[in-house]
Amino acid sequence: MTVVIGFEGSANKIGIGIIRDGEVLSNPRRTYITPPGQGFMPSDTARHHRAVILTVLKEALEQAGLKPADVDCVAYTKGPGMGAPLVTVALVARTVAQLWGKPLLGVNHCIGHIEMGRLITKANNPTVLYVSGGNTQVIAYSERRYRIFGETIDIAVGNCLDRFARVIKISNDPSPGYNIEQMAKKGSQYMELPYTVKGMDVSFSGILSYIEEAANKMLSSGQCTAEDLCFSLQETVFAMLVEITERAMAHCGSQEVLIVGGVGCNVRLQEMMGVMCDERGAKLFATDERFCIDNGAMIAQAGWEMFRSGQVTELEDSWITQRYRTDEVEVTWRD
């Protein structure tokens, strides 16, 4: 049986997970949370990761009931992500691999999300909507690549939500997106916002600029509530995502949708995508916050697939890259 440990730390989550032949043995993580109205800076995030990573590593081994000798391969997030946090995690993974005498594997963060989603949901060959703080892509597998059919041309949907949360001072604990989702449930009035779909691509910077400028005026004049704004923003950006996902499904002749990434555990997004799938006679697959939010097990799972297909990363090649596209990876583990 093959055991892979995965290190993830591309943004404000630090996670270490252990996978044994498709079984999640452990998956602890910590989140760096900043005060309302603030984002997280790369240097501060890296400092947080350095402070807790060895504790999380110890937890992962203890929860799995394993010793270093039981591990076959050490996988880490190569990118995409924030530079300083990525370097911190890669450094620890590199050190651990050398200390334990194990092979090392650099994993694409996006591929980690996809492989974890496939493992947990048992989706066969889905059209994938990958939505997170740093990425927004519609993806389908073809000829040993995860092909990008559409994506954001500016900022990611999660970044749009996070920055909106800062404008109206929504708490970052446990995450801005979660708090927007809860507030949106109490919203009743839909405020019309810019809707920007360009072919297969989406744009979120215009809607963010509009709402940054208008939000405080609308709230102070009593035109709407903060809950109404959360509701309106969610409805608009999620409708854009459903539209491009449906278009990709039509192109691929697909009958499955898999939503992955941190924004993917939003129940309203799942509901809206579910309606579209029902109308097409298709099936929707999604995971909960344990596996859709950045975690170490997803890096371990992608690493497990790669390792079993004969891939390893030599020490001199074990750098990180902040811009590492999903379609750059040759998928050697699928037909």
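Analyst: Here are some notes on those topics, in that order. This is a predicted model, in which local features need pLDDT of at least 70 and side-chain atom pairs count only at pLDDT 80 or more, while totals for chains, interfaces and linings use all residues. Residues are numbered from 1 along each chain as its sequence is written, and side-chain values use heavy atoms, with hydrogens and water left out.

User: OK, the sheet. What order do the 5 strands come in?
Analyst: The order is β9-β8-β7-β12-β13, in an open sheet with mixed pairing. Strands are DSSP runs of E with at least two residues, helices are runs of H or I with at least four, and both are numbered from the N terminus. Two strands pair if DSSP finds at least two bridges between them.

User: Which strands stand at the edges?
Analyst: β9 (145-151) and β13 (283-286) do; each has a single partner strand, so one side of each is left without a neighbour in the sheet.

User: And how much are neighbouring strands turned against each other?
Analyst: By 25° on average, direction ignored. Axes here are lines fitted to C-alpha atoms, for helices over the stretch in contact, and angles run from 0 to 180 degrees between N-to-C directions.

User: How do β8 and β9 pair?
Analyst: Strand β8 (residues 136-142) runs antiparallel to β9, with 6 bridges between them. Within that pairing, valine 138 has glycine 150 of β9 as its bridge partner.

User: Which helix packs on the sheet?
Analyst: Helix α7 (residues 226-252) does, touching β7 (127-131), β8, β9 and β12 (256-260). Contact means heavy atoms within 4.5 Å. The direction of α7 makes about 155° with that of β7.

User: Switching to the backbone. Where are the cis peptide bonds?
Analyst: One runs from glycine 79 to proline 80, with omega near -5°. Proline 80 sits in the loop between β5 (73-79) and α2 (83-100). Another joins aspartate 173 to proline 174, with omega near 0°, and proline 174 belongs to the loop between α4 (157-167) and α5 (176-184).

User: Which residues other than glycine have positive phi?
Analyst: Lysine 122 has a phi of about 65° and is in the loop between α3 (109-121) and β7. Lysine 169 has a phi near 60° and lies in the loop between α4 and α5.

User: Is lysine 122 buried or exposed? And lysine 169?
Analyst: Lysine 122 is exposed, at 63% relative accessible area. Lysine 169 also counts as exposed, at 56%. Buried means under 20% relative accessible area, exposed over 50% and partly exposed in between, with a 1.4 Å probe and protein chains only.

User: Now the rings. How many aromatic pairs are there?
Analyst: There are 2 aromatic pairs. Rings of Phe, Tyr and Trp (its six-membered ring) pair if their centres lie within 6.5 Å; planes under 30 degrees apart count as stacked, over 60 as edge-to-face and the rest as tilted. Tyrosine 141 and tyrosine 146 are edge-to-face, 5.6 Å centre to centre with 65° between the planes, and both are buried.

User: What about tyrosine 190 and phenylalanine 231?
Analyst: That pair is edge-to-face too, at 6.5 Å and 90°. Tyrosine 190 is in the loop between α5 and β10 (197-198) and phenylalanine 231 is in helix α7, 41 residues apart. Tyrosine 190 counts as partly exposed, at 42% relative accessibility.

User: Last one: which charged residues lie over a ring face?
Analyst: Lysine 78 lies over tyrosine 324, at 5.0 Å from the ring centre. Arginine 334 lies over tyrosine 141, at 4.1 Å from the ring centre. The rule is that NZ of Lys or CZ of Arg is within 6 Å of the ring centre and within 35 degrees of the ring normal.
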